[in-house]
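Q: I have a structure open and would like to learn how to read its features. Could we walk through them together?

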Amino acid sequence: MPATETLEEAKRVMQICNACRYCEGYCAVFPAMNKRLTFSEGDVTYLANLCHGCQGCYYACQYAPPHEFAVNVPKVFAELRAETYRDYAWPGIFKGLFEGNAKWIALITAVLAVAVLAGVYLVQGADVLGGVHTGPGAFYNVIPHNVIVYLAIVPFAFAGLAFLIGLLKFWRDIGARPADLVHPGALAQALKDAGQMKYMAGGGHGCNYPDDNFSMARRHAHQMTMWGFMLCFAATSVATLYHYAFGWEAPYDYLSIPVILGTLGGIGIVIGPVGLLMIKKKADPAPQDTKRTGMDIAFLWLLILTGVTGLALLGLRETSAMGTLLAVHLGIVLAMFATFPYGKMVHAVYRLGALIKFAHERRE
């Protein structure tokens, strides 16, 4: 892990916070900080990824700017997290995707959506692409099931491998033992804290976001986004079980389990990110890493596009628009998985790792 000005600034800020300790009840960062007298690169990297950016400590801090100490924990930790995203990216040749991230996300999404649509047009023809297909197997008249599986499994498996390797690099750098990563008790506690987004409640009253007033809006929008994504994943998993275990082919009835889960999930990954975009627009820039705002916005728009095209496909699946919507939706989903390891989504992986380590420290 290379020493950087951001790392040194994070160490300086933590030394001041560790002497003051006014914020020790705010979130997990401060009790974890209290366990240390000095701070290595691994320590501040761990603390930075434990920070949920609620900004409560910034507005409560007597040493925040314009004080000469200029303590700004949320900002320096956000900048340090962004550096860790690059450091832990795998394979290293793709690290550059974190620079100008919004441009790359938009380009990759457009290319894949157009490529899938053009591929269907060239292979199946305009009659199939624009035709009306109904009943079980209707989707596969446009794009064969095996083609969808092969197209999806490559970016999905690649993203999973990239996340795992990045997490192992992070875990090594923060000085944790390999076996502790899968300790059942710590893992269960970390998943519980992540599922509740416990530390987005700051000191219990919510984030100081988008300004110095307390609010649960950011926490609720994040929860809507996360659970929306999980429901979509559950819908796909149940549909896969239906297909291979029972031979039931999509599209399924509107009241079937995959469609109910997918509909609720799609609504979640539209409403949640829209809410996050709205409060981000109003947010005070002082405690934030404004250089990476484009990466945050690109990630949120990618989720919104995924949800909107999925819901449109559900609503128009018995019309001539189904073929085009299916191809575009598939291209956007492929872009989402292909770019996950090189965009804002990685924060979830390293934050979960930091929560696992914190769960161990609470048990000691």
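Q: Is D180 buried or exposed?
A: Happy to start there. This is a predicted model, where local features need pLDDT of at least 70, side-chain atom pairs count only at pLDDT 80 or more, and totals for chains, interfaces and linings use all residues. Residues are numbered from 1 along each chain as its sequence is written, and side-chain values use heavy atoms, leaving out hydrogens and water. Buried means under 20% relative accessible area, exposed over 50%, and partly exposed in between (1.4 Å probe, protein chains only). D180, at 13% relative accessibility, counts as buried.

Q: Which residue forms a salt bridge with D180?
A: A salt bridge is a side-chain nitrogen of Lys or Arg within 4 Å of a carboxyl oxygen of Asp or Glu. Here the partner is R177, with the closest N and O atoms 2.8 Å apart. R177 is exposed, at a relative accessible area of 52%.

Q: How many residues of α5 are buried?
A: The count is 11 of the 15, so α5 is largely enclosed by the rest of the structure. Among the buried ones are V73, F77 and Y85.

Definitions and conventions: Helices (H or I, at least four residues) and strands (E, at least two) are DSSP runs, numbered from the N terminus.
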